[in-house]
Amino acid sequence: MPTTDPGTTDPIGPPAEYAPMGAVALDDVERWPTLGAADLARVAAARAHPAAPVWVHETGDRLDEADLAALAGGQPAAASAGGTPPAWVAALVDRAHRTVPRYRAAARDGRSGPGTPLADLPTVTRRDLVTALAAHVPLDVPLDRVLHGTSSGSTGAALLVPLHPRSVAADLLLVHALVEHAGVTWASDATRLGLVNLVDQRAAFTYVSAMSAFPRPAGAPVPLMARVNLDASAWRDPGDRERWFEEHDPQVVSTSTIPLTHLLDLAEAGLAVRPVAVVNGATHVTPAIHRRVRDVWGAPLVDLYGLRETGPVAVATGPGQGHVLVDRRVHVEVLDATGQPVPEGQRGEVVVTVDENPYLPLLRYRTGDHAALARASDGRPVLVGLEGRAAVLFVDSAGLARPSIDATQVLQTAGLVAWHLHQDRDGHVRLRAVAPDAPAAQAAARAVHAWLDRHVELEVLHDVADLGGGKPARYSCDVPSLS
């Protein structure tokens, strides 16, 4: 899910503030225009906590009273996918051809116009945004409130994304609703940190913030959040990390696989934290991780799919259930390699049209992720088998190609936490596995052997970080005909 600085994996939380070169830094009243003196004092006290990590950044949500009123009164759109797009899509196509430079140029050249059906418009790629971001920003939107987030570029060059304070806050409200829909209560509690965005890396932006838009009764204190780096280098003295976490006891942990597994390790070693929910927004989540979160904390894990460019798109609250599209102005298509729609139930690339961020409306944005489109029992669209990126093909002993989506089922069934499965040019197979124990890793190797009818070299790892950066469920194949 979306990131706030290069190499990070935050699904939610305020991004770094954007200001023109030479601008004066904002003070706290400007960062949180609606907060009173008592709430601002709590932010200052949180920054000054004696066991706090080294904060390297200051940021705020910039929300004013008009923003809060709009967020409180907004009605979510119904999820939509495939078929005939809802009315808001046609309105967006019309508006884009009047206000967005890319589509204004297309209208002048006669390539498309305000009434062009969505399916007849060309798709937009990440490279389009990297090379010509300004061509996708509407001309009629005042730029005096731009925040920025950075997509880390794990599949391409890093991308600076302009964000509106209201759309960032809407993401928080969505996550709040999803957490409560998962069956737990997430309410304002002055004795606990409301949210921690957790990373575990050599260097990262870390800061304290306040969540002005968080739903709460009149007069209740605004919940605080913090972006925290688990790495030992981010803390001043031994024991500070454990003391800080226990004294703040975050209600919700927003993170990705590597820092989550490390926090679980600390909890199993005695760290007294008890989150009501965990939100994953950047990496593939295996059933083993779902189970571990339940076993250690008794908490649900909300797996939120989206990109920094698009915002949240779909959510899963349990393994094997698929990712249900979220209710907002997001329309999803699933296309084949030629850009044509595939039938429901067939895998293809997830392509998103979204009108949530005033600074970056997107028409037919190619995510690079792959899934099949299905329908839940209530008719809601679901992305099934969402792996991220196109399937890698392996070759079995009979020379038949086997897609990596099948390997995912094999390895998850064996109980692996994370893995890297590789096949070299000669067909040899190597499995690097993070497993709850050696028998589980060995069972996974036997399952891959049965799947491909090839010998499997097994390396058992003890830490997800040993797999390197990026998504921990990964595949690679060097067989020439399949590369």
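**Entry: Gly-415**

I looked up the neighbours of Gly-415 and, leaving aside residues within four places in sequence, found it in contact (heavy atoms within 4.5 Å) with Ala-288, Arg-291 and Pro-436. The model is a predicted one, in which local features need pLDDT of at least 70 and side-chain atom pairs count only at pLDDT 80 or more, while totals for chains, interfaces and linings use all residues. I number residues from 1 along each chain as its sequence is written, and side-chain values use heavy atoms, with hydrogens and water left out.

Gly-415 sits in the loop between helix H11 (404-413) and strand S18 (418-423); helices (H or I, at least four residues) and strands (E, at least two) are DSSP runs, numbered from the N terminus. Is Gly-415 buried or exposed? Gly-415 counts as buried because its relative accessibility is 8%, where buried means under 20% relative accessible area, exposed over 50% and partly exposed in between, with a 1.4 Å probe and protein chains only. I also noted that 28 Å separates the C-alpha atoms of Gly-415 and Glu-349, which are 66 residues apart along the chain.

**Entry: the nonpolar cores**

I then turned to the largest nonpolar core, which has 45 residues, those with the most contacts inside it being Val-228, Trp-244, Phe-245, Leu-260, Leu-263, Val-293 and Trp-297. By nonpolar core I mean a set of buried Ala, Val, Leu, Ile, Met, Phe, Trp, Tyr and Cys residues joined through side-chain atoms within 4.5 Å. Among the elements that give two or more residues to this core are helix H2 (37-47), strand S6 (224-229), helix H8 (240-248) and helix H10 (287-297). Helix H9 gives the most, with six residues.

For Trp-244 I set aside residues up to four places away in sequence and listed what Trp-244 touches, including His-49, Pro-53, Trp-55, Leu-193, Val-228 and Trp-235. A second, separate core has 38 residues, among them Leu-121, Leu-147, Leu-163 and Leu-386.

**Entry: salt bridges**

How many salt bridges does the structure hold? I find 28, a salt bridge being a side-chain nitrogen of Lys or Arg within 4 Å of a carboxyl oxygen of Asp or Glu.

- Arg-243 and Glu-247 meet at 2.9 Å, N to O, and both lie in helix H8, four residues apart, about one turn of the helix. Arg-243 counts as partly exposed because its relative accessibility is 38%, and Glu-247 is partly exposed, with a relative accessible area of 43%.
- Glu-459 and Arg-432 meet at 3.1 Å, N to O, and link distant parts of the chain, Glu-459 being in strand S20 (residues 456-461) and Arg-432 in strand S19 (residues 429-434), 27 residues apart. Glu-459 counts as partly exposed at 26% relative accessibility, whereas Arg-432 counts as buried at 19%.

I also noted one network, in which salt bridges that share partners join Asp-28, Arg-31, Arg-47 and Glu-58.

**Entry: positive phi values**

Phi of Asp-249 is near 40°, and Asp-249 has its place in the loop between H8 and strand S7 (252-255). Asp-249 is buried, since its relative accessible area is 6%. Phi of Arg-364 is near 60°, but Arg-364 lies in strand S14 (residues 362-375), and Arg-364 is buried, with a relative accessible area of 4%.

**Entry: the second largest pocket**

Last, I looked up the second largest pocket, whose volume is about 1,200 Å³. On a 1 Å grid over the protein atoms alone, where a 1.4 Å probe fits, a pocket is an open set of points with protein on both sides within 12 Å along at least five of seven lines, and lining residues have an atom within 4 Å of a point. Grid points are joined across faces, edges and corners, and the volume is the space filled by probe spheres set on the points.

Which residues lie nearest the centre of this pocket? Of the 41 lining residues, Pro-76, Ala-170, Leu-173, Leu-174 and Asp-327 do. Helix H3 (65-73), helix H7 (165-181), strand S10 (311-316) and strand S11 (323-325) are the elements that give two or more residues to the lining, and H7 gives the most, with eight. By class, I record 21 nonpolar, ten polar and ten charged residues in the lining, with Ala, Val, Leu, Ile, Met, Phe, Trp, Tyr, Cys and Pro counted as nonpolar, Asp, Glu, Lys and Arg as charged, and the others, Gly among them, as polar.
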